[in-house]
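Q: I have a model on screen and want to learn how to read its features. Can we go through them one by one?

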Amino acid sequence: MEFKIIDLDCATKEEILEALEENRKTAQFMTGEIERLKKLTSDFFKYENSSKMTIEHNLDSEQEDNDDLEEELNYYIEKFNGSTIEELMENSEDILPSFENGNYQNIILRLRLETLKTIKEISNIIKDSSDASLEEIQYYREELEKEKNKLHLLSMPQTETKQSDVSKKNRLVFATTQSGNIRVLEDIDKRIPREYYPKFYDLFSSILNGTFKNVKRLVFSSTDLSGFSEVKDHKVRVVFDRVGSNTYAIITAFMKKSDKDKGYLESLVRSISDYKINNQKVFKDCVSNPEFMDLQQQYEVELFDRLGRVSEKGFERVKVNATSRITKNGN
């Protein structure tokens, strides 16, 4: 519905009156739509206002002395904001934190706060949209509905979320070196002291069960290296990449002495670059290949065996060349 424009020099009296009447109806309709959206957001904020104040208070007190929590929050905010409502409805267990995550409450509260902020921004735009077109009004209406649906998802009872996480188990695939060996197994054998094996065991376990211990997004000056993440503990790191809805590529594991330790960076960049060239596309193409994933399951068992866990399925140590097996299963 748009305003009708006529040439007053050529139009008849009847045509002018008809245009005025149509424009009056259009203006009345658009005013009604704007008022409806204003009321919708106003009622919504009255309902959520007390929750928002609680969220802000709780998070401020937690973040003052917890950089790791802030990094973990940013990881989930980026995943959440980068997902459509359809993806959230279908794969919320892969986008939202596991109920078993020790920071579950803080993360959900922060995501709710971020969603409320977005709704407020849309509300402010609506309040200033007296001259907006019908298309713009429709767009803001749809965006507001999306954010409300997101908030509803975040407000689901915790018992429902917990039940959905009971059987949750992610899958792991393993990046290779240029010589065809599993990189993380070489990392463990050559560069990681045995006294740190329990810490690495916990990090890999957190990727498997979806708790992602102290997870953060890696930041590089090159955009070609963006999109990767790490889980971490004191002095230990595991870098990974999401290649499927519940499948994660293990790129490398390493020791980091302190935040001022920059010696690891060159090796890390090389490992990620090798992974992007040799593995990333293959992994994304093969996550639905049963034979390929069976092979990766053997690497997983091998990994935990080396870290001190007795193999539950009795797999023998894998001696095959990883590159040749990946290529074979990828064809």
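Q: Does Arg-110 count as buried or exposed?
A: This is a predicted model, so keep that in mind throughout. Arg-110 counts as buried, because its relative accessibility is 12% and the cut-off for buried is under 20%.

Q: What does the side chain of Arg-110 meet in a salt bridge?
A: Side chains of opposite charge can pair when their charged atoms come close. Here the partner of Arg-110 is Glu-114, at 3.1 Å from N to O. The two are four residues apart in helix H4 (residues 104-127), so about one helical turn separates them.

Q: Which residue forms a salt bridge with Arg-191?
A: Asp-187 does, with the closest N and O atoms 2.6 Å apart. Arg-191 is partly exposed at 47% relative accessibility, whereas Asp-187 is buried at 2%.

Q: How many aromatic pairs does a search of the whole structure find?
A: A pair of aromatic rings is described by the distance of the centres and the angle of the planes. The search finds twelve pairs. One of them is Phe-174 with Tyr-299: edge-to-face, 6.4 Å centre to centre, 85 degrees between the planes. Phe-174 is in strand E1 and Tyr-299 in helix H11, so this pair ties together parts 125 residues apart in sequence.

Q: Which residues form one aromatic cluster?
A: Tyr-75, Tyr-76, Phe-212, Phe-240 and Tyr-248.

Q: What sits over the ring of Phe-80?
A: The charged end of Lys-150, 5.4 Å from the ring centre.

Q: What span should helix H8 have?
A: Its 13 residues (197-209) should span 18 Å at 1.5 Å a residue, and the end C-alpha atoms are 18 Å apart, so the two agree. Its buried residues include Tyr-197, Phe-200 and Leu-203. Among the elements covering the buried residues of H8 are E1, E3 and H11. After H8 comes Gly-210, with a positive phi near 85 degrees.

Terms used
Residues numbered from 1 in each chain as written. Predicted model: local features only at pLDDT ≥ 70, side-chain atom pairs only at ≥ 80, totals over all residues. Heavy atoms only, no water. Phe/Tyr/Trp six-rings, centres within 6.5 Å; stacked < 30°, edge-to-face > 60°. Lys NZ or Arg CZ within 6 Å of the ring centre and 35° of its normal. Expected span 1.5 Å × (residues − 1). Buried < 20%, exposed > 50% of the residue type's maximum accessible area, 1.4 Å probe, protein only. Contact = heavy atoms within 4.5 Å. Salt bridge = Lys/Arg side-chain N within 4 Å of Asp/Glu carboxyl O.
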